[in-house]
Amino acid sequence: MGRLALLQLTHMCSVKNEEARGLLTFMSEPYIPFAATGINVTGLVVQLLEERLLDHRLVAVADRRLLQGARQQQQAEASGKEYFLFFDEEMIVEGVADMHAYYTELYLRFGELWKTAPPSSGMPVKTIMDFPPLWKEFQGTVRQELRARLE
């Protein structure tokens, strides 16, 4: 999972550079490891996939690709050519890109929560000890939102 986490963190830093840079700076102050948090976020994404709570996102990717393929099939038939509609590598690439985008969304949301949540450890500022309860709360909120979407 570490390699996937690194890929996802790299994706976030390339597409949301300013936000990631600001978050890295902020997280350095009360010192919460930026990359280690990324591993936690990747773990959450993997768990949500295993729990089938992200199926709607993957189905949307497949629908877009299949609609595009159907259009290509119509164009091919109109010009007298054959076209075979199937799941292709591009669909997989798009699905992975969507999971990277979702990772980015989750990481930035958690970053905002980290910034705004008060310290829970009785200290005047947040410490690494504030991470576990805040992370647990965040995971619960994300799961609750996804389950509500399924109803």
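In which handedness of crossing, left-handed or right-handed, does α2 pass α5? The structure is a predicted model, in which local features need pLDDT of at least 70, side-chain atom pairs count only at pLDDT 80 or more, and totals for chains, interfaces and linings use all residues. Residues are numbered from 1 along each chain as its sequence is written, and side-chain values use heavy atoms, with hydrogens and water left out.

**View 1. Packing of helix α2 (residues 17-28) against α5.** The crossing of α2 past α5 is left-handed (the near helix is turned anticlockwise from the far one by less than a right angle; clockwise would be right-handed). The two axes come within 11 Å and cross at roughly 35°; axes are lines fitted to C-alpha atoms, for helices over the stretch in contact, and angles run from 0 to 180 degrees between N-to-C directions. Helices are DSSP runs (H or I, at least four residues) numbered from the N terminus. Glu 19, Leu 23, Phe 26 and Met 27 of α2 contact Tyr 107, Leu 108, Gly 111, Trp 114 and Lys 115 of α5, where contact means heavy atoms within 4.5 Å.

**View 2. Packing of helix α4 (residues 55-78) against helix α5 (residues 89-116).** These helices pack at an angle of about 140°, with their axes 9 Å apart, and α4 passes α5 in a right-handed crossing.

**View 3. The salt bridge between Asp 98 and Arg 57.** A salt bridge is a side-chain nitrogen of Lys or Arg within 4 Å of a carboxyl oxygen of Asp or Glu; by this rule the count comes to 6. The closest N and O atoms of Asp 98 and Arg 57 are 2.9 Å apart. Because Asp 98 lies in helix α5 and Arg 57 in helix α4, the pair ties together parts that are 41 residues apart in sequence. Asp 98 is buried, at 16% relative accessibility (buried means under 20% relative accessible area, exposed over 50%, partly exposed in between; 1.4 Å probe, protein chains only).

**View 4. The salt bridge between Lys 115 and Glu 112.** Their side chains meet at 3.5 Å, N to O. The two residues are 3 residues apart in helix α5, a separation of about one helical turn. Lys 115 is partly exposed at 33%, and Glu 112 is partly exposed at 43%.
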